[in-house]
Amino acid sequence: MSKTLVITGGAGFIGSNFVYYILKKYPDYCVVCVDALTYAGNLSTLKEALKNPNFRFEKLNICDYAGVKNLFEEIKPDIVINFAAESHVDRSITTPGIFVDTNIKGTQNLMDICRELEIPRFHQVSTDEVYGDLPLDRPDLFFTENTPIHASSPYSASKAGADLLVLAYCRTFNFPATISRCSNNYGPFHFPEKLIPLMITHALADEPLPVYGDGKNVRDWLYVEDHCKAIDLIIHDDRLGEVYNVGGHNEMSNLDIVKLILQKLNKPESLITFVEDRKGHDRRYAIDPTKIHDTLGWSPETKFKDGIETTIDWYLSHEDWWREILSGNYQNYYEKMYGGKI
Ligand code: NAD
Ligand code: TYD
């Protein structure tokens with residue numbers, strides 16, 4: 001049956017991958033992307049989607065009550081999936097306020113509108129970072145859905161705050177929501193301020209590759225399409241009030257990732273430059289995905305060795321995309337597409 005999906009944050013990394021995933025898998029669905037086009041939003045990422053008559057883009061801030069309510073009244077979404085967020089830990093250390101505004105207040109605003117309009121389903125895209133970190137010398141420990149919330153950065157604290165609000169709305173108002181907490185994603189359209197795309201683009205330019213601290217911090221990397229598949233399963237399942245951890249048992253240290261990228265690009269390790277550590281830097285993230293595997297049958301499908309090759313190839317064949325970001329020109333794309341029309 002055809003559905004109308006609102007995808008907030010769809011001009012960002014994971015949201016845009018989800019837009020393309022849904023348009024391909026459900027050709028009869030209507031997809032409406034709500035995105036404020038902050039520095040992390042790039043409308044040119046959605047240029048193929050914009051050709052699809054079942055896709056619509058709305059430049060809107062999720063904190064804008066009247067704007068979002070008017071839109072939702074008009075389109076009557078069946079499902080709202082909230083990807084919109086300030087997502088970069090380093091930025092949350094310099095400017096925490098915007099993280100509280102978008103990640104917490106924005107989520108609350110969306111949920112209030114959904115409640116008022118009795119929208120049947122809301123999904124919150126969260127992160128494993130809400131659990132804090134694990135020690136490097138206990139490889140037997142993993143985050144489960146019952147691991148206590150113990151956020152370390154203003155980013156993860158704001159995501160945790162939103163998660164607590166979603167769960168409180170579920171309990172207090174019987175709000176029909178679910179939450180997914182995923183590990184680090186990688187793949188196409190990843191903004192080049194994050195580890196993997198930053199290292200690829202620096203290596204290609206023969207610029208220093210800045211590794212924080214000793215480079216031994218571990219992340220559990222998942223190919224972005226596997227994350228999209230997990231959310232697809234969750235939103236098409238009837239269970240409400242559930243939290244699902246999403247991750248693929250693919251732990252790697254930052255230094256190993258950086259060395260692998262250099263090797264694939266045939267660049268020297270002398271480009272690696274150790275820099276001052278991130279404040280409060282989480283040591284290790286590692287997901288136990290048993291619940292989503294056992295209840296929804298999800299397993300990661302892309303092996304890291306394949307996913308990283310695809311990703312590097314993508315950056316090699318989409319230089320225009322990331323060079324426009326590095327030059328700042330991408331922020332003119334909206335004007336070019338919509339200037340004078342609205
Ligand atoms: P991103 O920074 O690439 O994209 C965020 C998008 O949200 C951008 O298009 C931006 O313009 C938009 N946005 C920001 N503030 C907004 C606002 N107030 N109103 C409307 N739109 C706004 O982020 P991402 O990496 O794609 O992450 C998407 C979601 O997934 C986030 O909620 C993040 O916490 C979560 N997540 C990310 C990862 C990861 O590895 N990147 C892992 C787990 C969970
Ligand atoms: P990042 O991509 O910012 O994701 P997150 O902090 O949400 O996990 O960083 C991934 C890891 O890489 C993290 O341990 C910090 C480290 N890092 C660097 O060493 N150098 C960099 O320039 C960046 C951006 C990150």
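The questions below take up each ligand in turn and then a pair of helices.

User: Happy to start with ligand 1. How many residues surround ligand 1, and which are the closest?
Analyst: Keep in mind that this is a predicted model. Counting residues with a heavy atom within 4 Å, the shell around ligand 1 holds 28 residues. The closest are Ile-14, Asp-35, Ser-87, Tyr-155 and Lys-159.

User: Which residue has a side-chain N or O atom 2.6 Å from an oxygen atom of ligand 1?
Analyst: Some polar contacts of ligand 1 involve the backbone: a nitrogen atom of the ligand is 2.9 Å from a polar backbone atom of Ile-62, and an oxygen atom is 3.4 Å from a backbone N or O atom of Val-125. The side-chain atom 2.6 Å from an oxygen atom of ligand 1 belongs to Lys-159.

User: How much of the accessible area of ligand 1 does the protein cover?
Analyst: On its own, ligand 1 has 840 Å² of accessible area. Of that area, the protein covers 97%.

User: Which element gives the most to the shell around ligand 1?
Analyst: The elements that give two or more residues are helix H1 (13-25), strand S5 (122-127) and helix H5 (154-173). By class, the shell divides into 14 nonpolar, twelve polar and two charged residues. With three residues, the element that gives the most is S5.

User: On to ligand 2. Which residue has a polar side-chain atom 2.5 Å from an oxygen atom of ligand 2?
Analyst: Ligand 2 is surrounded by 18 residues, and the closest are Glu-129, Pro-210, Arg-219, Arg-278 and His-281. A side-chain N or O atom of Arg-219 is 2.7 Å from an oxygen atom of the ligand, while a polar backbone atom of Leu-195 is 2.9 Å from one. The residue at 2.5 Å is Arg-278.

User: How many charged residues does the shell around ligand 2 have?
Analyst: Helix H6 (195-204) and strand S8 (209-212) each supply at least two residues of this shell. Its classes are eight nonpolar and five polar residues, and the number of charged ones is five.

User: Last one: are helices H10 and H11 roughly parallel or roughly perpendicular to each other, and why?
Analyst: Two packed helices are described by the angle between their axes and the distance between the axes. The axes of H10 (residues 304-317) and H11 (residues 319-327) come within 5 Å and cross at roughly 70°. Angles of 65 to 115 degrees count as roughly perpendicular. The two helices, H10 and H11, are therefore roughly perpendicular.

User: Which residues of H11 make the contact with H10?
Analyst: The residues of this contact divide into five nonpolar, one polar and one charged. H10 brings Trp-314, Tyr-315, Leu-316 and Ser-317. From H11 come Glu-319, Trp-321 and Trp-322.

Note on methods:
Residues are numbered from 1 along each chain as its sequence is written. Chains are lettered from A and ligands numbered from 1 in the order in which they are written. This is a predicted model: local features need pLDDT of at least 70, side-chain atom pairs count only at pLDDT 80 or more; totals for chains, interfaces and linings use all residues. Side-chain values use heavy atoms; hydrogens and water are left out. A polar contact is a pair of N or O atoms within 3.5 Å; within protein, one must be able to donate a hydrogen and the other to accept it, and residues adjacent in sequence count only if both atoms are side-chain atoms. Accessible areas come from the Shrake-Rupley method with a 1.4 Å probe; for residues, only the protein chains shown count as cover. Helices (H or I, at least four residues) and strands (E, at least two) are DSSP runs, numbered from the N terminus. Ala, Val, Leu, Ile, Met, Phe, Trp, Tyr, Cys and Pro count as nonpolar, Asp, Glu, Lys and Arg as charged, and the others, Gly among them, as polar. Axes are lines fitted to C-alpha atoms, for helices over the stretch in contact, and angles run from 0 to 180 degrees between N-to-C directions. Angles under 35 degrees count as roughly parallel, over 145 as roughly antiparallel, 65 to 115 as roughly perpendicular and the rest as oblique. Contact means heavy atoms within 4.5 Å.
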